[in-house]
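Please put together a short report on this two-part model. Cover each chain, the surface between them and a handful of single residues.

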Amino acid sequence: MTDGPAARLPSHPLPPANRPAIVAWLLNPYVQILIGALLASAGEVLLAKGAKAPVSRTLAGPLFWLEPLGSGWTWIGIVSYVLSLLSWLYVLRYVALSVAFPLINVVHVFVPLGAKVFLHETVPPRLWMGITLILVGVLVIARPLMKAEKKL
Amino acid sequence: MTSLAIFFCVACQFFLVGGQLFLKRAMHGTDRPRPKGEVARGLFLGIFLQSLWFFIWLNLLKDNNLSHIFPFEGLNPVLLVLAAWLFLKERMTVDSWIGILLICGGIFLVSAS
């Protein structure tokens, strides 16, 4: 890290209160994790669609890696990713990385489902077992947080 | 899948984790006054590393099925939480380690074919 030996980060602030209920709900960092996960999953599926779209213009030599940018799907995917990044930056203001990151892994539930539904990729039968494991893992991490929120 | 593709799959996970550490460092508690350059520098480094990850990943997607390369993302939670613990000194509980191992196992199962 550029800031030298890591000092213990100060405790996390709470998001601003006294807003209309719906806004407060949307600004809840844990709701933002879910919204960000949906945006990132959509982004991933769109990028896969764009990367596999027929190349409209072949680029010479060292620029070959820019070819997927010729597809509109890639650009919608990028927009979706950027929105999920903004949501993520907001989350990082309030939630510890070691809590937020495991939770954002629900994308690994959404992405295979998206690949199956929208890209018609064949997904092996172990899918459901994996999805269950991820969801159990997310719950194990989220459970103490939900208890803490209730107390507030 | 070629061994080069596997190498890139693993390498880009490290870019992703590094990027996340810088982003967290930059965003953490931005409602308190902080040196101006500090936030900008963290955001720049974080987004730069994430962009490296992004372009490597995009090209891996071009030549491989999403469901084939996705298992490598299973490394992320463990790498990242280890890094947050080591570099950001975040407090870890037994619950969070159990949850992370379940998530990693789940990611491998979801995508292994």
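In chain A of this predicted model, 71% of the contacts between residues at least 6 apart in sequence join residues at least 24 apart. Contact here means heavy atoms within 4.5 Å. For chain B, 69% of the contacts between residues at least 6 apart in sequence join residues at least 24 apart.

Some ground rules apply. Because the model is predicted, local features need pLDDT of at least 70 and side-chain atom pairs count only at pLDDT 80 or more, while totals for chains, interfaces and linings use all residues. Residues are numbered from 1 along each chain as its sequence is written, chains are lettered from A and ligands numbered from 1 in the order in which they are written, and side-chain values use heavy atoms, with hydrogens and water left out.

**The two chains**

Chain A has six helices and zero strands. Its elements run α-α-α-α-α-α from the N terminus on. Chain B has five helices and zero strands, in the pattern α-α-α-α-α along the sequence. Helices (H or I, at least four residues) and strands (E, at least two) are DSSP runs, numbered from the N terminus.

The table sets out burial and surface. Buried means under 20% relative accessible area, exposed over 50%, and partly exposed in between (1.4 Å probe, protein chains only). Accessible areas come from the Shrake-Rupley method with a 1.4 Å probe; for residues, only the protein chains shown count as cover.

| Chain | Buried residues | Accessible surface | Carbon and sulfur part of the surface |
|---|---|---|---|
| Chain A | 44% of 152 residues | about 8400 Å² | 72% |
| Chain B | 51% of 113 residues | about 5100 Å² | 74% |

**Where the chains meet**

How many residues of chain B are in contact with chain A? The count is 57, and they touch 58 residues of chain A. The area buried between the chains is about 5200 Å². Carbon and sulfur atoms give 70% of that area. Buried area is the accessible area (1.4 Å probe) that two parts lose on being put together, summed over both. B:Arg25, B:Leu109 and B:Val110 supply 13% of the area that chain B buries against chain A, more than any other three residues.

Six residue pairs are in polar contact between the chains, both residues at pLDDT 80 or more. A polar contact is a pair of N or O atoms within 3.5 Å; within protein, one must be able to donate a hydrogen and the other to accept it, and residues adjacent in sequence count only if both atoms are side-chain atoms. Salt bridges between the chains number zero. A salt bridge is a side-chain nitrogen of Lys or Arg within 4 Å of a carboxyl oxygen of Asp or Glu.

On chain B, the elements that give two or more residues to the side touching chain A are H1 (3–27), H2 (36–63), H3 (66–69), H4 (75–87) and H5 (94–111). The largest share, 13 residues, comes from H2(B). By type, this side of chain B divides into 31 nonpolar, 14 polar and 12 charged residues. Ala, Val, Leu, Ile, Met, Phe, Trp, Tyr, Cys and Pro count as nonpolar, Asp, Glu, Lys and Arg as charged, and the others, Gly among them, as polar.

**Buried residues**

A:Asn105 sits in the loop between helix H4 (97–104) and H5 of chain A. Is A:Asn105 buried or exposed? A:Asn105 is buried, at 2% relative accessibility. A polar atom of the A:Asn105 side chain lies 2.8 Å from the backbone oxygen of A:Phe101. Leaving out residues up to four places away in sequence, A:Asn105 touches A:Ile134, B:Pro77, B:Ile103 and B:Ile107.

A:Ala40 belongs to helix H2 (residues 29–52) of chain A. A:Ala40 counts as buried because its relative accessible area is 14%. Not counting residues up to four places away, A:Ala40 touches A:Tyr81, A:Ser84 and A:Val107. A:Ala40 and A:Leu85 are 45 residues apart in sequence and 8.1 Å apart, C-alpha to C-alpha.

B:Leu21 is in helix H1 of chain B. B:Leu21 is buried, at 6% relative accessibility.

**Positive phi in loops**

A:His120 has phi near 55°, a positive value in a residue other than glycine. A:His120 is in the loop between helix H5 (107–118) and helix H6 (127–151) of chain A. At 66% relative accessibility, A:His120 is exposed.

B:Lys89 is not a glycine, yet its phi is positive, at about 55°. B:Lys89 lies in the loop between H4 and H5 of chain B. B:Lys89 is partly exposed, with a relative accessible area of 38%.
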